[in-house]
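User: I have a model open and would like to go through it with you piece by piece. Could you take a look and answer a few quick things as I go?

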Amino acid sequence: PGWSFSIDRTSRGPETERVYLTIRKPDPAYMNPQVIVEKQLLTDVREETPVTVMARLLEANEKAPSNGYVRLDMVETFEE
């Protein structure tokens, strides 16, 4: 709880569709319960299209610059 994320835009490349996300940290002015939550976002990218996720991490009330995205590598599992 407290974390939020949004899709800023998508762009089509020659081999992949890029999805640009903003992830925001919880606002320290509010208390959030320590529970596991599941959040989902939907996009109009077709299921069979390869996707590259570009993300940036901002503070809760930080103004969003137009840059600062880095490639977010997906993992199958968090186990080592």
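User: Where does arginine 56 lie, and is arginine 56 buried or exposed?
Analyst: Arginine 56 lies in strand β3, and in this predicted model arginine 56 counts as buried because its relative accessibility is 8%, under the 20% cut-off.

User: Which side chains make polar contacts with the side chain of arginine 56?
Analyst: The side chain of arginine 56 is joined to that of threonine 22 by a polar contact of 2.7 Å, and a polar contact of 3.4 Å links the side chain of arginine 56 to the side chain of tyrosine 69.

User: And what does arginine 56 touch, leaving out residues up to four places away in sequence?
Analyst: With those left out, the residues that arginine 56 touches include Asp8, Leu21, Thr22 and Ile23, and also the run Ala64, Pro65, Ser66, Asn67, Gly68 and Tyr69.

User: What about strand β3 as a whole, how many of its residues are buried?
Analyst: Strand β3 covers residues 51-58, and six of its eight residues are buried, so the strand is largely enclosed by the rest of the structure.

User: Which way do its partners run, parallel or antiparallel?
Analyst: Strand β2 (residues 17-24) runs parallel to β3 and is joined to it by eight bridges, whereas β3 and strand β4 (residues 70-72) run antiparallel and are joined by three bridges.

User: Switching to the nonpolar side, which residues make up the largest nonpolar core?
Analyst: The largest nonpolar core has five residues, namely Val19, Leu21, Val45, Val53 and Ala55, and the elements that give two or more residues to this core are β2 and β3. As general background, nonpolar side chains tend to be buried together in soluble globular proteins.

User: What is valine 19 in contact with, leaving aside neighbours within four places in sequence?
Analyst: With those neighbours set aside, valine 19 is in contact with Ile7, Arg9, Thr10, Val45, Val51, Thr52, Val53 and Met54.

User: And leucine 21, where is its place and what is it in contact with?
Analyst: Leucine 21 has its place in strand β2, and at 14% relative accessibility leucine 21 counts as buried. Leaving aside neighbours within four places in sequence, the contacts of leucine 21 include Ser6, Ile7, Asp8, Leu41, Val53, Met54, Ala55, Arg56 and Tyr69. Leucine 21 is also the bridge partner in β2 of isoleucine 7.

User: How is β1 joined to β2?
Analyst: Strand β1 (residues 4-12) and β2 run antiparallel and are joined by eight bridges, with a hairpin of four residues leading from β1 to β2. For β2 itself, six of the eight residues are buried, so β2 is largely enclosed by the rest of the structure.

User: Where is glutamine 34, and is glutamine 34 buried or exposed?
Analyst: Glutamine 34 lies in the loop between β2 and β3, and glutamine 34 is exposed, with a relative accessible area of 80%. The C-alpha atoms of glutamine 34 and proline 1 are separated by 7.4 Å, although the two residues are 33 residues apart along the chain.

Note on methods. Residues are numbered from 1 along each chain as its sequence is written. This is a predicted model: local features need pLDDT of at least 70, side-chain atom pairs count only at pLDDT 80 or more; totals for chains, interfaces and linings use all residues. Side-chain values use heavy atoms; hydrogens and water are left out. Buried means under 20% relative accessible area, exposed over 50%, partly exposed in between (1.4 Å probe, protein chains only). Two strands pair if DSSP finds at least two bridges between them. A polar contact is a pair of N or O atoms within 3.5 Å; within protein, one must be able to donate a hydrogen and the other to accept it, and residues adjacent in sequence count only if both atoms are side-chain atoms. Contact means heavy atoms within 4.5 Å. A nonpolar core is a set of buried Ala, Val, Leu, Ile, Met, Phe, Trp, Tyr and Cys residues joined through side-chain atoms within 4.5 Å.
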